[in-house]
Amino acid sequence: MTKLNIFRLFLILVLSYLSDRANGRVNFKGVDEKLKQLNKPAVKTIQSEDGDIIDCVDIYKQPAFDHPALKNHVIQMKPSFKLKEEKLGTTSLSSKLVVSQTWQKSGSCPDGTVPIRRIQRNDLLRAKSIGRFGRKPEEIVSISNTTNLKDDLYPFNNKTQVALPTIVNRSAANLVTLGYNYIGAKGDINVWNPNVAADYEFTTAQIWLKAGPGDNFESLETGWTVNPHLYGDRRTRLFAYWTKDSYKSTGCFDLTCSGFVHTNPQVALGAAIEPVSSEFGKQYHVTLGVYMDPQTSNWWLKFGANVPIGYWPAGSLMFYLKHSSTLVEWGGQVYSTNVKKTPHTKTAMGSGQFASGLYGNACFIQNPNIVDFSMALKCPEWVGTWADDYYCYTAYNYQKGYGTLPVFYFGGPGQNRNCP
């Protein structure tokens, strides 16, 4: 056999291998099939200035209805409930600086459609596998290590400390309330663009509503994230997430799997938000809330001034969250294989500054409210703070003075002289 023929044979073998695996992991044919499944035909396409492509998809042809449990689902176009607005603080939301989505400057989607960020081939090629695309890594609990909730300004369960399990490869700094049945939670989340040290790491500022056993919990989540592995850049983006089995095999970010029913033509999950806050400069925020409709058990995601984005149909997707949430968290999380070890990741949480920096320096969440079956927004009766990597990221429920509501501050730089 000539050297040329040997080279050709070698090239054929290599191409054959690559046609079956991309980046050593993903089947090219599988990638194309997945893209076809995820990217539904567009009624209109918008090219955003930040590089995103937003497809305006017929509301009845969105990815949600690929879920077997939603084949005959009837869309609920708007919530059936109205929350009782309690005067919870002295700061008017109208005086706060709010964010918008970058793609909205380039166009809008017509009524009867929903905006969906198009998934690109490179997005799938970055994934560990096609099956896990859009998912958080499974939570692995460290049984030998637990974190105690710390009382700040309110007693927590009659001043009794509660131990929570430490999650491997994740570091959190949160405000936590539990012990009751919650059917909603909201918060005004300060928006930043923190450093993410490696492409496979991500950082969030968010709200969690959870129910079920600790090793197999259900969770609904929303907030902002910087997640280069998923989105391909380091922009700050609005996200939503769900799982019914502790991230093992169900749920995903945004609309990267079927489940979440999108109803709003003006807001796109996974799209970039702007402007972001600056140190000792202007402070921008996004108001987000998740509320269960008591008539349908659908959990509605709301953005800004009470604008519904869509919902998770818990009656079809969930078991425990059909009734209520039993734990609510507000705060931040960093995912990295280099948390809780040396050297620690340099991926930041929040603004990248510790909670003690307070307003204009640290990331914060104002008005962390809950909703119970009275259908009224309330301050939680009992709260505690949780920071499981305290020299790297901190949590502080700060009250300026008597008669004022506390503001929850959190975050940190990751690796520093006390967090080597």
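**Close-up views of aromatic pairs and a strand sheet**

View 1. Tyr398, with a relative accessible area of 23%, is instead partly exposed. This is a predicted model, and in it the ring centres of Tyr398 and Tyr409 lie 6.3 Å apart with their planes at 65 degrees, so the pair is described as edge-to-face. Tyr398 belongs to strand S23 (residues 394-398) and Tyr409 to strand S24 (residues 407-411), and the pair, 11 residues apart, links distant parts of the chain.

**View 2. The whole protein, as a setting for the other views.** The protein holds five helices and 24 strands, and buried residues make up 55% of its 420 residues. Among contacts in the protein with a separation of 6 or more, 74% come from residues 24 or more positions apart. The accessible surface comes to about 18,500 Å², and 54% of this surface belongs to carbon and sulfur atoms.

**View 3. The rings of Phe260 and Trp312.** The count of aromatic pairs comes to 16. In the pair of Phe260 and Trp312, the ring centres are 5.0 Å apart and the planes stand at 75 degrees, so this pair is edge-to-face. Phe260 lies in the loop between strand S13 (252-253) and strand S14 (261-262), whereas Trp312 lies in strand S18 (residues 307-313), and the pair, 52 residues apart, links distant parts of the chain. Both Phe260 and Trp312 are buried.

**View 4. An aromatic cluster and two charged side chains.** One aromatic cluster is formed by Phe202, Phe217, Phe239, Tyr241, Tyr247, Phe253 and Tyr335. Over the ring of Tyr247 sits the charged end of Arg170, at 5.2 Å from the ring centre. Lys210, in turn, lies over the face of Phe217, 4.6 Å from the centre of that ring.

**View 5. An open sheet of seven strands.** The strands of this open sheet follow the order S13-S12-S11-S10-S19-S8-S22, and their pairing is antiparallel. S13 and strand S22 (384-387) are the edge strands, each of which pairs on one side only. Within the sheet, strand S10 (residues 202-211) and strand S19 (residues 325-335) run antiparallel and are joined by nine bridges. Gln206 stands opposite Gly331 in S19. As background to this view, strands of a sheet pair through backbone hydrogen bonds, either parallel or antiparallel.

How values were computed: Residues numbered from 1 in each chain as written. Predicted model: local features only at pLDDT ≥ 70, side-chain atom pairs only at ≥ 80, totals over all residues. Heavy atoms only, no water. Phe/Tyr/Trp six-rings, centres within 6.5 Å; stacked < 30°, edge-to-face > 60°. Helix = DSSP H or I, 4+ residues; strand = E, 2+ residues; numbered from the N terminus. Buried < 20%, exposed > 50% of the residue type's maximum accessible area, 1.4 Å probe, protein only. Lys NZ or Arg CZ within 6 Å of the ring centre and 35° of its normal. Contact = heavy atoms within 4.5 Å. Areas by Shrake-Rupley, 256 points an atom, 1.4 Å probe, with all protein chains shown as cover. Pairing = 2+ DSSP bridges.
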